[in-house]
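User: Hi! I am new to reading protein structures. Could you walk me through this one with some questions and answers?

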Amino acid sequence: MQTESLTEYLPLILVLLVLIIVLVLLAQRIRVAYPILLVLAGLGLSFIPNLPRLHIDPDIIFFMVLPPLLFEAAWAISQKELWRWRKIILSFAFLVVFFTATVVAFVAERFIPGFSLALGFLLGGIVSPPDAVSMGAILKFVKVPKATSSILEGESLMNDASSLIIIKFALIAIGTGHLVWGEVAASFSCMVIGGPLVGIILAYLFLIVHKFLPNDKSADILLLFIQPYLMYLLAEEVGSSGVLAVVSGGLLLSRKQYRSLTASTRVGLGNVWESFSFLLNGVVFMVIGLDLPEIIEGLKEDGVSISKAIGFGVLITVILILVRIVSYYISMLSALFMRRKKITKGMLNGWQFFPIVMGWTGMRGVISLAAALAIPNFIGGNEFPHRSLIIFISFTVIVLTLVVQGLTLPYMIKAFRWPEPEISDEDLSIEIEREKLKFSIARVREKYGSEIENNPTLSRVLSDWEKRIALPDERFMDQEKINFFLRLYDAQRQFLLRVNAENPNMNEDIIREKLYVIDLEEERIRHFKVD
């Protein structure tokens with residue numbers, strides 16, 4: 001955000017941050033994805049008279065917001081699932097984005113007066129890729145199969161790269177009137193190969209530095225915090241894809257984290273990323289709505305009717321949804337035919353609706369708006385044609401996909417049921433816990449077999465593990481028992497604080513250590529999933 005004076009806008013910024021927190025908490029209470037409430041709140045605030053204008057600086061979005069959010073998403077995604085669904089993820093991250101941009105280009109040229117094919121491709125490149133930030137936020141509030149979420153998350157991680165490639169060459173075509181396809185192919189290769197290479201090299205450099213330096217939680221977290229910015233900046237400087245650099249580096253560091261980072265660092269890093277991502281997500285979704293007055297003002301200056309502009313935005317949104325649904329049908333049918341088996345009704349068994357739901361998940365976000373706002377005011381010495389209209393259409397697409405699709409997605413998922421997995425996540429978690437306990441018991445008996453009978457501590461631990469195999473904590477816990485333990489932990493805290501207060505010579509550091517252990521126990525209890 002650009003401001004004339006930080007002190008002048010500081011009260012507004014603080015009020016917005018408080019409002020963001022309140023709206024996110026409200027969204028959790030009413031079970032609605034918080035990006036929807038934030039965008040609607042931003043839209044509502046934008047109509048308040050004399051409210052200071054907040055302008056989205058595209059450079060801030062691309063450099064300050066995008067790298068950490070992509071890195072966090074790459075860190076958290078299941079790499080096993082990413083590899084399992086790599087073909088469909090790569091096809092949607094590149095081929096389907098190009099296909100969608102092409103369809104949008106021809107539709108825009110046909111139905112939007114004054115639009116050339118190059119302008120259509122520019123618009124297509126801006127609105128084609130679903131947004132990783134929006135996708136991740138929405139998926140936290142809807143229950144979808146693991147394969148589905150992995151495909152959506154993997155696709156949204158990588159598709160920004162193909163989108164930016166389309167935008168880059170569309171701008172060249174608009175400015176020069178032609179394209180040299182050899183240069184296009186060479187530049188594309190540089191971006192999709194060079195970007196991951198930069199990310200991987202920097203990730204390995206971090207691992208090397210970390211190996212020879214003492215382990216320090218604060219230093220490790222800080223180094224990891226600046227990694228995505230370094231990856232993105234260096235990749236962009238050498239003409240490669242900063243998006244792919246951050247994603248590749250994040251995936252590598254995530255895979256190596258259990259060998260290179262201490263448990264304390266991993267826990268602390270999770271807390272830092274969670275808080276930072278929360279702040280960035282909240283701000284960008286609120287600012288989307290707040291930017292409406294500036295967008296409308298530009299539209300009026302160009303003499304474009306708002307009603308017509310909204311109609312164009314609705315048209316492009318419908319095209320995006322239809323193309324995405326068709327693409328998923330093509331992908332699903334191709335996968336079925338490649339099995340070289342006869343397709344039976346049992347093989348489909350509900351999956352015939354899968355493309356419809358997946359097509360409904362293509363939410364766009366702040367990256368599309370930042371890409372639209374990054375369009376230059378002048379090109380080739382002339383005013384950029386239809387710049388304000390492109391920005392307004394992009395804004396309309398973002399709002400419609402976030403609000404309409406985001407609100408209706410949970411109901412669509414319920415209407416089109418997927419086949420239930422053979423084993424539920426709860427049963428799988430219990431089985432894994434049992435196997436872990438059996439492994440632990442065998443290891444203790446192997447190492448200390450002769451000492452167990454004479455060692456009360458070992459005997460008690462083994463007895464506890466054997467009881468937990470028969471009755472895992474997950475089976476024992478329900479919401480009533482969880483609430484009981486939460487109240488018990490709070491009572492334990494009050495007891496320790498009272499002991500500390502009533503004994504002047506008590507070592508307060510020891511009390512704090514005990515309180516920290518209680519906090520860890522409470523977090524463990526809170527992680528039990530109770531329907």
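**A walk through the inside**

Analyst: Happy to! Let us start with a list: Gly-125, Ile-126, Pro-129, Asp-160, Ser-163, Leu-164, Ile-167, Ile-367, Ser-368 and Ala-371 line the second largest cavity. Please keep in mind that this is a predicted model.

User: Which helix gives the largest share of the lining of the second largest cavity?

Analyst: Three helices each supply at least two residues of this lining: α6 (117-127), α8 (146-176) and α17 (366-373). The lining includes Asp-160, Ser-163, Leu-164 and Ile-167. The largest share, four residues, comes from α8.

User: Is Pro-129 buried or exposed?

Analyst: Pro-129 sits in the loop between α6 and α7 (132-139). Residues with under 20% relative accessible area count as buried. Pro-129 has a relative accessible area of 3%, so Pro-129 is buried.

User: Which residues beyond its sequence neighbours is Pro-129 in contact with?

Analyst: Let us begin with a distance: Pro-129 and Leu-157 are 28 residues apart in sequence, with their C-alpha atoms 9.8 Å apart in space. For contacts, we leave aside the neighbours within four places in sequence. The partners of Pro-129 are then Asn-159, Asp-160, Ser-163, Arg-364 and Ser-368.

User: Is Ser-162 buried or exposed?

Analyst: Ser-162 belongs to helix α8. Not counting residues up to four places away in sequence, Ser-162 touches Ala-93, Phe-94, Val-97 and Phe-98. Its relative accessibility is 0%, so Ser-162 counts as buried.

User: Which element gives the most to the lining of the largest cavity?

Analyst: The count comes to two cavities of 30 Å³ or more, and about 50 Å³ of space lies in the largest. The elements that give two or more residues to its lining are α5 (86-111) and α14 (306-337). With four residues, the element that gives the most is α5.

User: How many charged residues are in the lining of the largest cavity?

Analyst: The lining is made up of Phe-92, Val-96, Val-97, Thr-100, Ser-128, Pro-130, Glu-155, Leu-320, Arg-324 and Arg-364. Sorted by class, five are nonpolar and two are polar. The charged residues number three.

User: Which helix gives the most to the lining of the second largest pocket?

Analyst: This pocket holds about 560 Å³ of space. Of the 17 residues that line it, the closest to its centre are Gln-79, Leu-82, Trp-83, Met-158 and Leu-251. At least two lining residues come from each of α4 (79-84), α5, α9 (181-212) and α11 (242-260). With six residues, the helix that gives the most is α11.

User: How many nonpolar residues are in the lining of the second largest pocket?

Analyst: Let us sort this lining by class. Two residues are polar and two are charged. The nonpolar residues number 13.

User: Which residues beyond its sequence neighbours is Ile-390 in contact with?

Analyst: Ile-390 is one of the residues with the most contacts inside the core. We again set aside neighbours within four places in sequence. What remains is Phe-115, Leu-119, Leu-122, Leu-123, Ile-126, Ile-375, Phe-384 and Pro-385.

User: Is Thr-396 buried or exposed?

Analyst: Thr-396 lies in helix α18. Its contacts, apart from neighbours within four places in sequence, are Ile-310, Gly-313, Val-314 and Thr-317. The relative accessible area of Thr-396 is 10%, so Thr-396 is buried.

User: What percentage of the residues of the protein chain count as buried?

Analyst: Let us step back to the whole chain. Its secondary structure comes to 23 helices and two strands. The chain exposes about 28,500 Å², with carbon and sulfur atoms supplying 62% of that area. Of its 531 residues, the part that counts as buried is 47%.

Methods: Residues are numbered from 1 along each chain as its sequence is written. This is a predicted model: local features need pLDDT of at least 70, side-chain atom pairs count only at pLDDT 80 or more; totals for chains, interfaces and linings use all residues. Side-chain values use heavy atoms; hydrogens and water are left out. A nonpolar core is a set of buried Ala, Val, Leu, Ile, Met, Phe, Trp, Tyr and Cys residues joined through side-chain atoms within 4.5 Å. Buried means under 20% relative accessible area, exposed over 50%, partly exposed in between (1.4 Å probe, protein chains only). Contact means heavy atoms within 4.5 Å. Accessible areas come from the Shrake-Rupley method with a 1.4 Å probe; for residues, only the protein chains shown count as cover. On a 1 Å grid over the protein atoms alone, a cavity is a set of points where a 1.4 Å probe fits but cannot get out, and a pocket is an open set with protein on both sides within 12 Å along at least five of seven lines; lining residues have an atom within 4 Å of a point. Grid points are joined across faces, edges and corners, and a volume is the space filled by probe spheres set on the points. Ala, Val, Leu, Ile, Met, Phe, Trp, Tyr, Cys and Pro count as nonpolar, Asp, Glu, Lys and Arg as charged, and the others, Gly among them, as polar.
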